[in-house]
Amino acid sequence: MNLNALGYVGIRTRNLENWVSYGTRFLGMQLVDHSRGTLALRMDDRKQRIIVHTDEDDGPSFYGWEVADTAALDALAAHLEKSGAKVARGSRALADERRVKDLIVFADPIGNRLEAFYGAEVASDPFKPGRSISGFRTGPLGMGHAVLTAERLDDVLPFYTEILNFEPTDFILKPFKAYFFHINARHHSLAFIDTGKNGIHHMMVELCYLDDVGQAYDLALQKPDMIGTTLGRHVNDHVTSFYSYSPSQFLVEYGWGGRTIDTANWTPHERTEGPSLWGHDRMWLTPEGRDEARNLRIRTAQAAGREPVNVMDGNYLRAADVCPWWNANVQARKTG
């Protein structure tokens with residue numbers, strides 16, 4: 001019955017052609033379908049991960065959460081109905097449109113459309129990025145994460161934790177309230193920020209090489225107004241990233257180096273250092289909020305707040321041990 005990963009996201013836009021450019025030449029995704037009113041973007045071996053359609057407004061349309069098989073989908077539908085949620089079985093036409101075997105459709109208490117599915121179609125041809133990138137880190141971790149906003153967190157969090165079985169990872173209270181939840185080894189696949197408004201804050205995709213992020217940042221610096229949060233590194237999931245404004249007016253986090261967690265032995269806790277180890281100047285905060293966030297980062301630096309980077313086989317080289325001081329004094333090198 002448990003959800004496994006964030007599988008796909010639907011997006012509304014008033015300018016479809018801007019999404020073609022942003023999705024391919026900036027994010028590096030592959031355009032796989034483009035009609036008068038819709039387009040689809042690919043990130044990996046799946047036939048599609050992001051579906052964008054023309055609308056009179058901008059924002060997210062739906063979030064597709066993956067389950068293991070038809071038995072898990074049926075069990076989830078029964079569980080949702082027993083919990084009082086209205087559930088509709090997706091039509092064959094909708095399943096074909098989403099490129100999955102079957103799905104159900106329901107909503108959370110604040111109106112976000114959710115879809116649970118199984119059997120995503122896999123492409124026979126290799127992924128061809130829209131610009132030169134190493135690729136996206138997906139697989140069992142899913143396509144990334146979504147951070148939503150809520151007018152009142154108490155109205156929505158119990159639905160995700162008590163009914164959909166999202167597990168709390170950690171939370172911060174300053175310079176804003178944010179709560180992070182996992183369903184697999186990715187630090188969080190979902191988070192909520194207390195903003196006083198229901199909606200989306202950002203969607204995150206993770207790259208396989210740090211240089212992919214830096215090169216995208218160079219592209220963004222050609223249009224500084226598109227940067228919503230500068231380059232920085234998070235305290236909790238260890239991701240090095242920046243955020244840009246999508247053509248649908250919400251942020252997309254472009255990151256590298258996310259940690260994986262031991263879900264069987266994880267204890268939720270507050271992170272008092274603030275959201276970032278360094279960087280991440282948040283243009284969307286009030287001036288007072290930005291000052292508070294900077295002060296938290298400075299305090300973290302003074303307290304020697306550092307974390308080892310998270311790498312994968314093939315995207316790093318080990319440096320030779322040529323520093324006697326480091327070898328003699330920093331045990332974290334050997335254990336981290």
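Predicted model: local features only at pLDDT ≥ 70, side-chain atom pairs only at ≥ 80, totals over all residues.
Biologist: What is the volume of the second largest pocket, and which residues lie nearest its centre?

Modeller: The volume of the second largest pocket is about 400 Å³. By class, its lining has five nonpolar, three charged and ten polar residues. Of the 18 lining residues, those nearest the centre are Thr149, Lys197, Asn198, Gly199 and Ile200.

Biologist: Which residues lie nearest the centre of the largest cavity?

Modeller: The model has three cavities of 30 Å³ or more, and the largest cavity has a volume of about 200 Å³. Strand 9 (145–150), strand 11 (178–182), strand 13 and strand 14 (227–234) each supply at least two residues of its lining. That lining divides into ten nonpolar, eight polar and three charged residues. Of its 21 residues, those nearest the centre are Phe180, His202, His234, Tyr243 and Arg282.

Biologist: Is cysteine 208 buried or exposed?

Modeller: The relative accessible area of cysteine 208 is 17%. Buried means under 20%, so cysteine 208 is buried.

Biologist: How does cysteine 323 count at 35% relative accessibility, and what is the class?

Modeller: The class between buried, under 20%, and exposed, over 50%, is partly exposed. At 35%, cysteine 323 therefore counts as partly exposed.

Biologist: How many disulfides are counted?

Modeller: A pair of cysteine sulfur atoms must lie within 2.5 Å to count. By this rule the number of disulfides is zero.

Methods
Residues numbered from 1 in each chain as written. Heavy atoms only, no water. Buried < 20%, exposed > 50% of the residue type's maximum accessible area, 1.4 Å probe, protein only. 1 Å grid on protein atoms, 1.4 Å probe; cavity = no way out; pocket = protein on both sides within 12 Å on 5 of 7 lines; lining within 4 Å. Points joined across faces, edges and corners; volume = space filled by probe spheres on them. Nonpolar A, V, L, I, M, F, W, Y, C, P; charged D, E, K, R; others polar. Helix = DSSP H or I, 4+ residues; strand = E, 2+ residues; numbered from the N terminus.
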